[in-house]
Every structure is written in C-alpha cells, then in structure tokens.
Amino acid sequence: ANKSTWGIYENVKNIVGKSLEMTFKMFIDELHEYGYNTYFKVLNAKDYGIPQNRERVYLIIILKEFDNGKFKFPEGFDNGIRLKDMLEDEVEEKYYINTPKAQELIDDLIKTGKLDKTISNTVRAGGEVQ
C-alpha cells in the first residue's frame with residue numbers, strides 16, 4: 001500500500017498531558033514503526049495572528065525516507081490584531097439576547113473588570129447602548 005509522504009495531526013493540549021501521555025506516546029511509537037518521523041508542539045492560535053487564546057497540539061509526520069531532519073515549527077509573532085478589531089460596530093437587533101439574566105451577567109463582567117467597557121457595547125443584552 002502507498003504511504004502518505006507527510007501528514008498533520010491536531011488535537012487538544014490534554015493529549016500530551018499527564019493523563020493521556022502514555023496513549024500519545026503509543027501513538028507516536030506506532031507512527032515510528034510505520035516508517036514516519038514525528039515532530040509535535042503545543043501552539044497557541046494567539047501567537048500566529050488569530051485573536052483567540054486557543055492551545056492545540058500539532059503533530060507533523062514525515063515519511064523517514066523523505067525527511068531531511070530540518071523541520072521546525074514556525075516562530076510565534078504578535079500582529080497586534082485583537083478580538084475587538086474583528087467585531088462589527090453595528091449588529092442587527094435579531095442577534096441580541098434580550099433577557100435580564102444576560103444583562104446581569106454582562107454588568108457583572110464589566111463591574112469585575114473581566115469585560116472592557118469599550119467592548120461591552122457590542123456584547124450587550126437588549127440592544128441599548130448603556
């Protein structure tokens with residue numbers, strides 16, 4: 001059977017954590033037996049131009065006879081883009097969650113400093129700018 005020359009596998013960070021460490025190691029060992037070299041690393045989307053704090057394990061597999069041993073994961077960078085840069089200023093009324101419970105949650109997030117007041121106008125209940 002023809003083997004793929006290379007592949008990319010992505011999973012949640014926990015796959016390399018203590019509880020799943022042995023399972024992941026068995027997976028890697030099996031790939032080595034099938035003739036692949038492996039490179040894996042936990043990368044965070046926020047370090048690669050995506051305004052989201054999202055950690056994932058990336059595993060690169062390369063068939064040994066095609067691997068020059070020079071694979072390196074790209075260096076992270078900060079392009080300055082934040083979630084607030086992606087949000088629209090005007091959102092149609094139909095998308096609002098208009099409940100007292102939602103407003104209470106938003107007010108609490110602003111009060112405790114977890115939600116920036118300048119952003120909170122786009123994340124609001126009812127559609128009234130506070």
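Let me start with a term: a residue is buried when its relative accessible area is under 20%, exposed when that area is over 50%, and partly exposed in between, using a 1.4 Å probe and protein chains only. Asp29, for instance, counts as partly exposed because its relative accessibility is 31%.

Now, what are we looking at? This is a predicted model, where local features need pLDDT of at least 70, side-chain atom pairs count only at pLDDT 80 or more, and totals for chains, interfaces and linings use all residues. Residues are numbered from 1 along each chain as its sequence is written, and side-chain values use heavy atoms, with hydrogens and water left out.

Okay, helix 1. Helix 1 covers residues 21-33, so 13 residues, and spans 18 Å from first C-alpha to last, close to the 18 Å expected at 1.5 Å a residue. That expected span is 1.5 Å times one less than the number of residues. Which residues of helix 1 are buried? Phe24, Ile28 and Leu31 are. They cover an arc of only 60° around the axis, so they sit on the same side of helix 1. The arc here is that of the directions from the helix axis to the C-beta atoms. And what do the buried residues of helix 1 pack against? Strand 1 (6-12), strand 2 (36-44) and strand 3 (55-63), with contact meaning heavy atoms within 4.5 Å. Over on the other side of helix 1, Met22, Met26 and Glu33 are exposed. After helix 1 comes Gly35, with a positive phi near 100°.

Let's jump along to helix 3, residues 100-111. Helix 3 has 12 residues and reaches 16 Å between its first and last C-alpha, close to the 16 Å expected. Its buried residues include Ala102, Gln103 and Ile106. Looking down the axis of helix 3, the buried residues fall within an arc of 100°, so they line one face.

On to the charged pairs. Side chains of opposite charge can pair when their charged atoms come close. A salt bridge here is a side-chain nitrogen of Lys or Arg within 4 Å of a carboxyl oxygen of Asp or Glu, and by that rule the count comes to 7.

One of them joins the side chains of Glu10 and Arg56, at 3.3 Å from N to O. Glu10 lies in strand 1 and Arg56 in strand 3, so this pair ties together parts that are 46 residues apart in sequence. Is Arg56 buried or exposed? Arg56 counts as buried, at 17% relative accessibility, while Glu10 is partly exposed at 42%.

Lys25 is partly exposed, at 43%.

Then there's Asp47 with Lys46, where the closest N and O atoms are 3.8 Å apart. Asp47 is partly exposed at 31%, and so is Lys46 at 44%.

Key: Helices (H or I, at least four residues) and strands (E, at least two) are DSSP runs, numbered from the N terminus.
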